[in-house]
Amino acid sequence: MATAVGGGTLRDVMLERSPFWMTQWEYLGVVALSLAIFIVFHKWIQKIASTLFIFDTIGLALFTVVGYEKTIDAGFPFWTAWLMGMSTGAAGGVIRDILINEVPLIFRHDIYALACLVGGLVYTVGMWLGLSDIISQLGCAVSVILVRVFAVRYHWQLPTLRDEES
Amino acid sequence: MATAVGGGTLRDVMLERSPFWMTQWEYLGVVALSLAIFIVFHKWIQKIASTLFIFDTIGLALFTVVGYEKTIDAGFPFWTAWLMGMSTGAAGGVIRDILINEVPLIFRHDIYALACLVGGLVYTVGMWLGLSDIISQLGCAVSVILVRVFAVRYHWQLPTLRDEES
Amino acid sequence: MATAVGGGTLRDVMLERSPFWMTQWEYLGVVALSLAIFIVFHKWIQKIASTLFIFDTIGLALFTVVGYEKTIDAGFPFWTAWLMGMSTGAAGGVIRDILINEVPLIFRHDIYALACLVGGLVYTVGMWLGLSDIISQLGCAVSVILVRVFAVRYHWQLPTLRDEES
C-alpha cells in the first residue's frame with residue numbers, strides 16, 4: 001500500500017491537497033484486491049517475476065503522467081511538474097524501502113527516477129510545441145518506458161563519485 | 001516526542017490542517033513533563049515496564065477514537081477514518097522506529113495496527129445503528145483494548161508469506 | 001537536495017503551504033549548481049572539509065531565522081516558531097540520514113538541534129524587549145553560531161541515559 005499510494009500521497013500533501021485515496025475507495029480497493037491475488041497466487045507470481053518488469057514500467061509511466069498533469073492543473077511551473085511526476089512514480093518505492101529499513105533501491109538503480117524526468121521533459125516540449133494534451137501525455141509515457149527498458153537492457157548506470165583514497 | 005505526536009501530525013497533514021500541537025502548548029508540555037519524569041525515575045520505570053503495557057494500550061484506544069472523530073468531522077468517508085484512526089494510534093511508533101533506524105515494530109507485531117482497524121469498524125457500526133457518539137466511542141476504545149490484550153495474551157499473529165524455496 | 005530543502009519542506013507542509021521551492025526555481029538552481037561544483041571539485045573540497053564547518057553553521061543560523069520568521073508570519077505562537085526554526089535548520093539532515101539508512105547524526109551530536117532552540121529563544125526575547133526585527137534576527141543567528149562553535153570546540157554533549165544493568 002505504501003508503494004502504491006505513497007508517492008501520490010507525498011505529491012498531494014505538497015500540492016496542499018488531501019491525498020487522492022482519501023475520498024474515493026476504488027484506489028485502496030485495487031490495492032487490497034492486488035494483495036489478495038498475490039497472497040493466493042504468490043508462488044506462481046514469483047516464477048514470472050521477470051515478466052512483471054513491464055507492468056512496473058507501465059505503472060511508472062502512468063504515474064509520471066498523472067503527477068505531471070495534477071501539478072500543472074494546480075498552477076505550478078513545469079519543472080515542479082517534473083519533480084512531482086518523479087515523486088508520484090518513484091517515491092512510493094522509496095517510502096517502502098525506508099519502512100523495511102533498507103537503502104532505497106532508487107539510490108542504487110538511478111535510471112528509475114531519471115526516466116520520470118525525461119518523460120516530464122517530453123511532456124513539457126509537447127506542450128510548448130502546441131501539441132494536444134493526449135499526444136504530449138503519450139510522448140511522456142512512451143519516453144519513460146523507453147528510457148527504462150533501454151537502461152535495463154544496456155545496463156546504463158549513473159556515474160558515482162568515489163573517494164579515491166578509500 | 002515523535003512517538004507521541006508523530007501519528008497525529010501525519011493525520012493532520014493529510015487532513016489539510018496544521019498539526020494539532022502547533023497552536024496549543026499543552027500537548028508538548030505533557031510530552032516534556034513525561035520525559036522529565038522518565039529521566040528522574042527511569043530505573044524504577046524500567047522495572048515496572050510490563051505494567052506499562054496497559055497505559056500504552058489505553059493510549060492506543062484514545063488515539064484511535066480521536067483520529068476517527070477528526071476525520072469524520074473533516075468530511076471524509078468512514079473507511080478513511082479507520083485508516084486515520086490507525087495512523088493516529090500506530091504511526092507515531094513507526095516514525096520513532098524509522099528515526100532510530102530499526103524495522104518498525106509494527107511490521108513484526110501486526111496486531112497493534114489491526115486493533116485500531118477493529119476499533120474503527122465498531123465505531124462505524126455504532127454510528128450506523130444510530131447509537132450516541134459517546135457509546136460508539138466507548139465501543140471503539142473498548143474493542144481496541146480487548147483485541148490488543150487478547151492478541152498479546154494468546155500470542156495472536158498475522159500470518160506471513162514465506163518463500164518456500166528459500 | 002533532501003538535505004538542503006527537506007527541512008523547509010517539512011516546515012511548509014506543517015504550516016499548510018506548498019513547499020517554498022515549488023514556485024521559485026532559484027532554490028533548486030542553487031542546489032544543482034552546488035552539486036555541479038562539488039562534482040567538479042570534489043577532491044579539493046574534501047581536503048578543506050574542516051573549513052566547511054563554518055558554512056554549515058552559518059547555514060544552520062540562517063535556516064533557523066527563516067523558519068522562525070515564516071512561522072510567526074503564519075500566525076503561530078513563539079514556541080512553535082522555535083520548533084519550526086529547528087525543523088528548517090536540522091530536519092534536512094535527518095531526512096538525508098533516513099534516506100541513506102543511517103541513524104540520524106543529529107541523535108548522536110545533539111547540540112546541532114539545541115543551537116536552533118537557543119537561537120529561537122534569543123529571537124523571542126528580542127521581540128519581547130521590543131527590539132527591531134533585524135536586531136532580533138541577528139541575535140538569533142549569532143547565538144546559533146556561538147552555541148555550535150563552542151559545542152564543537154569544548155566537546156559539549158547532551159547527557160544520555162543508559163541502562164546500568166546492560
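Arg11(C) counts as buried, because its relative accessibility is 2% and the cut-off for buried is under 20%. Keep in mind that this is a predicted model, so read every value here as computed from that prediction. Where does Arg11(C) sit? You'll find Arg11(C) in helix H1 of chain C.

So what surrounds this arginine? Leaving out residues up to four places away in sequence, Arg11(C) touches Phe20(C), Val66(C), Gly67(C), Lys70(C), Met84(C), Ser87(C) and Thr88(C).

Now let's step out to where chain C meets chain B. Chain C brings 21 residues to this contact, and chain B brings 22 residues. Putting the two chains together buries about 1700 Å², with carbon and sulfur atoms giving 69% of that area. Which helices of chain C each supply at least two residues to the side that touches chain B? They are helix H1 (2-14) and helix H4 (78-99). Of the elements on that side, H4(C) gives the most, with 6 residues.

Sort the residues on this side of chain C by class and you get 14 nonpolar, 2 polar and 5 charged. How many salt bridges are there between chain C and chain B? The count is 0. Polar contacts do turn up, though: 4 residue pairs across the interface of chain C and chain B are in polar contact, with both partners at pLDDT 80 or more.

Conventions:
Residues numbered from 1 in each chain as written. Chains lettered and ligands numbered in written order. Predicted model: local features only at pLDDT ≥ 70, side-chain atom pairs only at ≥ 80, totals over all residues. Heavy atoms only, no water. Contact = heavy atoms within 4.5 Å. Buried area = accessible area lost by both parts, 1.4 Å probe. Salt bridge = Lys/Arg side-chain N within 4 Å of Asp/Glu carboxyl O. Polar contact = N/O pair within 3.5 Å; in protein donor to acceptor, adjacent residues only side chain to side chain. Helix = DSSP H or I, 4+ residues; strand = E, 2+ residues; numbered from the N terminus. Nonpolar A, V, L, I, M, F, W, Y, C, P; charged D, E, K, R; others polar. Buried < 20%, exposed > 50% of the residue type's maximum accessible area, 1.4 Å probe, protein only.
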